[in-house]
Amino acid sequence: MDNKLNLTYITLNGYVEVEKYRYVYFLIIFTIYAAVIFSNSTIICLIVFHQSLHEPMYIFIAALLINSIFYCTTIYPKFLLDVLSEKQIISHTMCHFQYFVLYTSGASEFLLLAVMAYDRYVSICKPLQYPVIMKKTTISVFLVLAWLVPACQVAGTTSLSATRKVCNFTLQGIFCNNSIYKLHCVSSRVLSIYGVIVLLNIVFFPMLYIVFTYTKILIISYQRCREVRKKAAQTCLPHLLVLFNYSFFCTCEVIILRLESDISQTVRLIMTLQVVLYHPLFNPIIYGLKMKEISKHLKRLFCQEK
């Protein structure tokens, strides 16, 4: 507790031998952060500057990649600062701000993937109605809701947690996630119930909708001609790969939180780094390789440079 500034600081106790591997940590995190910014920004710029990519599907992909950059910028600079510092600490206020941005961007990814599933459903199953349904206004509303709905709901859990009295000042992690609840003197039943409601609204229901939508697309496409099946496979496969990848890493984070006291600090750190480092790189690689139009423009871009 800093009495002069009246600030409460939380110690991040998830790092392993920072003094010994300080520059190794820094090099790995900085390299991946630069790669994330470069790869995601490249595809975003391609979508913005090429008229042929100004379609709903590509706009939603750009939004997903912007969300990844936003997610990384919340935690990567703090990682870099921590590994170069003597003490790995964060203020109570900034910890909750990081928590808010982290889970808002994470939930937004599920909602954006749900919107993309709806876009593919209309495109494949109702092609004649697609231009009427997926208008600019509809796209704008979907994008605003995909970011606004999680922000409003996560703000509730953040404010409830921030007002709780803190008795433990050591966080068993390298960033502020649901582990902040373990800092409270007394667990809150209201916070737990509200957290479950938020989880259902921004993760479970969107996930259920995505699975239902792609199942329906699969059934309808296989009842139609070969061209429809080909279109469904080409445009839906990248979204499904991203969904499975993101769901896998979210599951890993839940396992880390649940088994926190049962696994070693080294294993916990490795699992945490896999969750936060790999996924932001996975999206641009998948969309760059698997989306035909984006892949075509990427080849032109790098061939021109050569």
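View 1. Asn283 counts as buried because its relative accessibility is 0%, where buried means under 20% relative accessible area with a 1.4 Å probe and protein chains only. The model is predicted, so local features need pLDDT of at least 70 and side-chain atom pairs pLDDT 80 or more, whereas totals for chains, interfaces and linings use all residues. Residues are numbered from 1 along each chain as its sequence is written, and side-chain values use heavy atoms, without hydrogens and water. Asn283 lies in helix H9, residues 279-290 (helices are DSSP runs of H or I with at least four residues, numbered from the N terminus).

**View 2. The surroundings of Asn283.** Leaving aside residues up to four places away in sequence, Asn283 touches Leu64, Leu65, Ser68, Glu109 and Val242, contact being heavy atoms within 4.5 Å. The side chains of Asn283 and Glu109 are joined by a polar contact of 3.3 Å (a pair of N or O atoms within 3.5 Å, one able to donate a hydrogen and the other to accept it).

**View 3. The largest pocket.** This pocket has a volume of about 1300 Å³, and of the 43 residues that line it, Tyr103, Asn178, Leu199, Val254 and Leu257 are the closest to its centre. A pocket is an open set of points on a 1 Å grid where a 1.4 Å probe fits, with protein on both sides within 12 Å along at least five of seven lines, and lining residues have an atom within 4 Å of a point. Helix H6 (189-222) is one of the helices that each supply at least two lining residues, and H6 gives the largest share, 10 residues.

Methods: Buried < 20%, exposed > 50% of the residue type's maximum accessible area, 1.4 Å probe, protein only. Points joined across faces, edges and corners; volume = space filled by probe spheres on them.
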